[in-house]
Amino acid sequence: MKEAKMSKVHLHHQQQNGHVLPFKLAWLLDPEASWDKDQLGDVLHWIRQVLGLVFGLLWGAIPLVGAVWIAVFLVISSGIIYGYYTHVLKVDEEELGGHGALLQEGLFASLTLFLLAWILVYSLVHF
């Protein structure tokens, strides 16, 4: 059921404005695409997971220590998410639950992944 929904969404995004987009994930950058709350929430969630993993690996490898770096991660991650849905996708956030709901998508899971990656890499590299 979910697979059929996703293929319909994908097909819809590919055929917008009478043209086929050059690659399968181009609709993730298409400001003309229509988004519902669940679709955008899933995309924001997975972007946050990738950011959590990348920044966790980076913080652990540098090595950075201290609670200030958790706050820096949260600010950077939230800034990227905010920029993505406001400037790249140009969605109306009020239709999708407001800034609070969109910025919260995947936040706690990405923070957990960030901390896990940071601690593991730091302990492997520096002990």
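Colleague: Which residues does Y85 touch, not counting those up to four places away in sequence?

Modeller: With those neighbours set aside, Y85 touches L44, K90, V91, E93, H99, L102 and L103, where contact means heavy atoms within 4.5 Å. This is a predicted model, in which local features need pLDDT of at least 70 and side-chain atom pairs count only at pLDDT 80 or more, while totals for chains, interfaces and linings use all residues. Residues are numbered from 1 along each chain as its sequence is written, and side-chain values use heavy atoms, with hydrogens and water left out.

Colleague: Which residues touch the most other members of the largest nonpolar core?

Modeller: Y85 is one of them, together with W35, L40, L44, L89, V91 and L102, in a core of 13 residues. The elements giving two or more residues to this core are α2 and α3. A nonpolar core is a set of buried Ala, Val, Leu, Ile, Met, Phe, Trp, Tyr and Cys residues joined through side-chain atoms within 4.5 Å. Buried means under 20% relative accessible area, exposed over 50%, and partly exposed in between, with a 1.4 Å probe and protein chains only. Another core, of seven residues, lies apart from the largest one and includes L51, W59, L64 and F114.

Colleague: How many helices and strands are there?

Modeller: The protein has five helices and zero strands; these are DSSP runs numbered from the N terminus (helices H or I, at least four residues; strands E, at least two). Of its 127 residues, 35% count as buried.

Colleague: Turning to charges, where does R48 lie, and what is its nearest side chain of opposite charge?

Modeller: R48 lies in helix α2, residues 37–61. R48 is buried without a salt bridge, and the nearest side chain of opposite charge, E105, is 8.1 Å away. Lys and Arg count as positive, Asp and Glu as negative, and His and the chain ends are not counted. A salt bridge needs a side-chain nitrogen of Lys or Arg within 4 Å of a carboxyl oxygen of Asp or Glu.

Colleague: Which side chain joins R48 in a polar contact?

Modeller: The side chain of S78 does, at 3.4 Å. Such a contact is a pair of N or O atoms within 3.5 Å; within protein, one must be able to donate a hydrogen and the other to accept it, and residues adjacent in sequence count only if both atoms are side-chain atoms.

Colleague: Is E105 buried, partly exposed or exposed, and which residues does E105 touch beyond four places in sequence?

Modeller: E105 counts as partly exposed because its relative accessibility is 27%. E105 lies in the loop between α4 and α5 (107–126) and touches G41, L44, H45 and R48. The C-alpha atoms of E105 and G41 are separated by 5.9 Å, although the two are 64 residues apart along the chain.

Colleague: What about E93: buried or exposed?

Modeller: E93 is buried and has no salt bridge; K90, the nearest side chain of opposite charge, is 12 Å away. E93 is found in the loop between α3 and α4.

Colleague: What is phi of K90?

Modeller: Phi of K90 is near 55°, a positive value in a residue other than glycine. K90 counts as exposed because its relative accessible area is 57%.

Colleague: Last topic: which peptide bond is cis?

Modeller: The bond from I62 to P63 is cis, with omega near -5°. P63 is placed in the loop between α2 and α3 (68–88).
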